[in-house]
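This report describes selected strands, helices and cores of one protein model. Please look at the sequence and structure below before reading on.

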Amino acid sequence: MKKIDSLKALDKIKERVRPRLMVREDTDYTKIREAPQIDVLVCRETCGNAAGAEKVEEAFRDIVNRRGLRGRVNVVGVACRGLCEGGPHVTITPGDILYTQVKPEDVDEIVKTHILGGEIVDRLSYVDPVTGKVFRSNHEVDFYNRQRREVLSLHGLIEPWSIEEYIAYDGYRALIKALTEMKPDQVLEEVNKSGLRGRGGAGFPTARKWGFVRNSPGDEKFVVCNGDEGDPGAFMNRSVLEGNPHSVVEGMLIGAYTIGNVRQGYAYVRAEYPLAIETLSHAIRQAREYGLLGENILGTNFSFNLDIFPGAGAFVCGEETALLISLEGRRGNPRQRPPFPANKGLFGKPTTINNVETWSIVHQIILKGGDWYKSIGVGPNAGTKTFCLVGKINYPGIAEVPVGTPLGNIVFDIGAGPPGDKHFKAVQIGGPSGGVIPIEHINTPVDYESVTSLGAIMGSGGLIVMDEDSCMVDMAKFFLEFTKDESCGKCVPCRAGIPKMLDILHRITRGEGSIEDL
């Protein structure tokens, strides 16, 4: 295999592969009778696998082989599109026809009736849990139509294990643009113009963080991807790593080039995400094989390598200094700042740490321009944000919306609110360190400043929806039990204060609470 050394070489791959993928974008299912190519897209993320998608994919491959359909029918494992309920999900293209709760014994009927006969198997179509309406295709489902998908734009469309399918949708074009057409200062200015802020929770401006490290003295610096997603109810980073890992690799390459003196990067991914680690490892191997990682990338003097470090499963390692200490092979306890990682980070060298979602959008900003990204969102809150909708919600899953979208739009327009006749009560946001937004603030814009003003934080994007039956005392107790178990124990307010607060809540739940407890 010839390594990619120019935009021309990249375009050759795109010209060869993209026509084969166009069938996945065709929404006219009547074409299936004459279609020379049919793609069967099976959701093979962790959520799909847990529901039995692996056996469904095997059943499709077996029947396609037995019926002599190889070459016309392609069975492909893809990422979850975000509507996690009702798996395993299978999409048939052309037509973008969606089937849910597919079992291996359903596969023969789908092949015979739909793929060969051109008729949709209605009993496996998606039924809206609120209205009872039957949706035959993905593009009809309100859950998707009310989002703005940029980070998740290729989820369910490309095979995560194929670098060439990523390239077919302009993958690694931004890297080539940065290396051959832009100086590092120009890349930094474009990221600054975009208004991109860290998606790990704090919302710190990405360009400013990169600039700190770029201006720090030293001939050895590092870039790190924080994939230690530990908030209960949050799995956005896992989905990106499993669904589009090359976007993270490309983002880190661009960041390393921009900062300068960076020859090594690390992706710190929690060990509880084995599929994410496996998928990202494969993407890194492919990038090396194609000459996009390693020495003298694209014939330039820029060299960069990327390795994965599986996290030890400690929630506190999501904090950047604890993460770096863990990367060094020591117990992941946070340390005082300053010095900040930008000055003294991994192995004492200047280090940039960004969240999975932050790295994954960088290539689009360089390709489409900072003004494009700035046009999404509101004011200083540019771009989109992915959120996990979990708890008492009709449509649990992953949604992506412009930053600043009112909370009610996310909960009710996209998530369809609590099931049954139950009334909405509140949303817990920001993980264990976050807070609760009650119903009276349902129209609050979900942006960094507005959420913080209510005593919560944006966090990495977990939204736990509660209805009228949810007990706030139990919710608070759950999160305090979690933080007590995960505390590193270094600071007195955490080490001693959390057990004290938990004792108060236990007394209340036993009916022994007093007004002084409140």
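## The parallel sheet

Glycine 227 has valine 269 of strand 8 opposite it. Strands here are DSSP runs of E with at least two residues, helices are runs of H or I with at least four, and both are numbered from the N terminus. The model is predicted, so local features need pLDDT of at least 70 and side-chain atom pairs count only at pLDDT 80 or more, while totals for chains, interfaces and linings use all residues. Residues are numbered from 1 along each chain as its sequence is written, and side-chain values use heavy atoms, with hydrogens and water left out.

Strand 7 (residues 221–227) and strand 8 (residues 262–270) run parallel and are joined by seven bridges; two strands count as paired if DSSP finds at least two bridges between them. They belong to an open sheet of four strands, ordered 9-8-7-10, with parallel pairing. Strand 9 (305–311) and strand 10 (351–355) are the edge strands, each pairing on one side only. From one strand to the next, the twist averages 20 degrees.

## Helices around the sheet

Helix 12 (residues 274–289) lies across strand 8 and strand 9, and runs at about 170 degrees to strand 9. Axes are lines fitted to C-alpha atoms, for helices over the stretch in contact, and angles run from 0 to 180 degrees between N-to-C directions.

Helix 10 (residues 236–243) packs with helix 12 at an angle of about 35 degrees, the axes being 8 Å apart. Arg238, Leu241 and Glu242 of helix 10 meet Leu275, Ala276, Thr279 and Leu280 of helix 12, where contact means heavy atoms within 4.5 Å.

## Two nonpolar cores

The largest nonpolar core has 80 residues, and Val249 and Phe304 are among those with the most contacts inside it. Such a core is a set of buried Ala, Val, Leu, Ile, Met, Phe, Trp, Tyr and Cys residues joined through side-chain atoms within 4.5 Å. Buried means under 20% relative accessible area, exposed over 50%, and partly exposed in between (1.4 Å probe, protein chains only). Helix 11 (residues 245–259) gives the most to this core, with eight residues. Another core, of 31 residues, lies apart from it and includes Ile437 and Val465.

## The antiparallel strands

Strand 1 (residues 38–43) pairs with strand 3 in the antiparallel sense over four bridges, and valine 42 has valine 90 as its bridge partner in strand 3. Strand 3 is also joined to strand 4 (residues 97–99) by three bridges, again antiparallel.
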